Amino acid sequence: GERAAAAETSVGFPELKRVMDDHDRIAAGYDRKVLIRWGDKVLPDAPEFDPANLTAAAAARQFGTNNDLLVYLPLPIGSGRSDHGLLFVNHEYPNPQLMWPGLTEDDAGAKMTEAQVAVTMAAIGCSVIEVKDDGAGWQVVAGSRYARRISPATPMRISGPAAGHPLMRTAADPEGRTVLGTFDNCNGGVTPWGTVLSCEEGFDGWFGGDPAKTEHAALLARYGADKEEDGYGWGRFHDRFHYEREPNEAHRFDWVVEIDPYDPEAQPVKRTALGRFTHENASCVVAPDGRVVVYMADDHDFDYLYKFVSARPWNPQDRAANRDLLDEGTLHVARFNADLTLDWLPLVQGEGKLTAENGFANPGDLAIKTRLAADLVGATPMDAPEGFSVNPVTGRLYVALTENEDIAPDQVNAANPRAPNPEGHLLELTPPAADGRIDHAAARYGWDIFILCGDPAKPEARARYHPATSADGWFTDPDNIAFDPDGRMYVCTDGPPDAGFNDALYVLDTDGPGRALPKLFYSPPRGSECSGPCFTPDGRTLFLSVQHPGEDSETLDAVTTRWPDFRDGVPPRPAVIVIRKADGGPIGT
Ligand code: FEO
Ligand code: CA
Ligand code: CA
Ligand code: CA
């Protein structure tokens, strides 16, 4: 019966009850604590957080807002230690309406002052902090030489096929090889040599002006650009963030940025060989021959799944030899076939339809216009793909398709079978084995549907889970996916169907009798989603982002939560939390 099936899962904690609360909740037997919050010190000379007097100078030294991706990197490098390391953090976007009174989400872009706009720019980007557990729990190491803030003003090198391309040249950078900063950094990944891949998830929404009035109207439209979407007011004060005044600046975003947290002086690099699209994440694995494979999702309705295969194998003995490894290789896009096979279609300039006549005169054209190239080769349009991660135990891949309200009955395909699809689904991809090893460089995989999200008690939802899934365990809108060292899957959701319950973190097995049986593990405070789940190598610490708490508030004067401080006058603060089992055991058991 259901009880027996539930007992056979490797997920051992008693499931949480669903809540919609201004506090967060975690399953019994687990502890969580706040590690670092928006406004806490990162650089040694950072001032104390003063929410009544936010300044750009302070924000540039403090922990940013709306933390998302987390990557734990052991110290010393290569040590595999689980009690001392660096934590790399993305700060995706600001919530002006939760920073200053008198603003709403809809009018902030038009009403913010220049000084407020400067704060929104300084409060995002990335942070590097040093963290240590000296036996009394995890702490941020004050005064670390690794501490770093990266912002939309940080100079970055453009490398790979788009470097120097005419579409990348601007008034400020006539060479097209150096760009100031990064923004909308969502998820990402970590390379085998211990650098971070931070993903730029879209420029639309950050620029002012009318893209239709520029010479690149069609290209900008395919990348989501729309008139007057300047949600943060940047275009009112900075010409480079105004389509009509600097029409090429937008082409310098939507890339994957490689950053070396172990070297605080190292300049970030935009790796254009990884293609240009709404980059959700970049999951790295190594093929049997040593080539590096990067799995990437384009988080946009009807867009695609990609993988990059490096031209050369990586060098485990010489870290410096891998410095520009991601500049050469082949980008592929996925075509799902109805017979449950999947073909990775190579995107190679000059081959097939990817010719000069079709707008791809050189490899830089292909990198900058990746979506147009993928359109031509017959890739399968997906229902807004987000998390795309490898189970380290089985080598199989899982893809989260968040949702697609707009898919019509004549647009469904085998891998995106529901129209509309407001609740999303999860796919399972199986690369072939070669000589007993999983071949992530192979051209053809198998695939299947893993979970169809929604309420399994409602037949019209056409949900599909393990039959023992409880009323608290089913979910919708899967976003980030992570695995602990035992291969248990962690799913963060982004957008529950109604106000009945909050986004949360669910844990499930992908194999065995508990396959596809999720349990509710952690419920963040209302208005927030959790994201970026990240384990120490021993699987006994889980770092987790709590992003945009209180985002369901109309204004700062009427916040729905003041998590985690719960003090009058202190707004809700995005934060990184640390989760541990009370008995010190592996997370998820
Ligand atoms: Fe930033 Fe695709 O979520
Ligand atoms: Ca995401
Ligand atoms: Ca989100
Ligand atoms: Ca999302």
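Predicted model: local features only at pLDDT ≥ 70, side-chain atom pairs only at ≥ 80, totals over all residues.
Two residues are in contact if their C-beta atoms, placed from the backbone, lie within 7 Å.

Figure 1. The chain holds eight helices and 33 strands. Its radius of gyration is 23 Å, close to the 25 Å that the globule rule gives for 589 residues, so the chain is as compact as a globular protein of that length. Along the principal axes, the C-alpha atoms fill a box of roughly 65 × 60 × 50 Å. Of the 589 residues, 55% count as buried.

**Figure 2. A close-up of the largest nonpolar core, with 160 residues****.** Here is some background: in soluble globular proteins, nonpolar side chains tend to be buried together. Phe88, Val294, Val399, Leu505, Tyr506 and Leu544 have the most contacts inside this core. Strand 15 (residues 291–297) gives the core its largest share, six residues. Now look at Tyr506: beyond its neighbours within four places in sequence, its contacts include Gly473, Phe475 and Val491. Pro518, Lys519, Leu520 and Phe521 are also in contact with Tyr506.

**Figure 3. Helix 4 (residues 114–122) and what covers it****.** Seven of the nine residues of helix 4 are buried, so this helix is largely enclosed by the rest of the structure. You can find the buried ones by name: Gln116, Val117, Ala118, Val119, Thr120, Met121 and Ala122. Among the elements that cover them are helix 2 (56–59) and helix 6 (234–237).

**Figure 4. The buried side of helix 8 (residues 370–377)****.** Which residues of helix 8 are buried? They are Thr370, Arg371, Ala373 and Ala374. These residues cover an arc of only 160 degrees around the axis, which puts them on the same side of helix 8. They pack against helix 5 (217–222) and helix 7 (363–368), and also against strand 16 (301–303), strand 18 (329–336) and strand 19 (341–347). Just after helix 8 comes Gly378, with a positive phi of about 90 degrees.

**Figure 5. Gly436, in a loop between two strands****.** The loop that holds Gly436 runs between strand 24 (433–434) and strand 25 (437–438). Is Gly436 buried or exposed? Gly436 has 6 within 10 Å, so Gly436 is exposed. Look for Pro288 too: Gly436 and Pro288 are 148 residues apart along the chain, and their C-alpha atoms are separated by 9.6 Å.

Terms used. Residues numbered from 1 in each chain as written. Chains lettered and ligands numbered in written order. Helix = DSSP H or I, 4+ residues; strand = E, 2+ residues; numbered from the N terminus. Rg over C-alpha atoms; globule rule 2.2 N^0.38 Å. Buried ≥ 20, exposed ≤ 12 C-beta atoms within 10 Å, placed from the backbone. Core = buried A, V, L, I, M, F, W, Y, C linked by C-beta atoms within 7 Å. Arc of directions from axis to C-beta.
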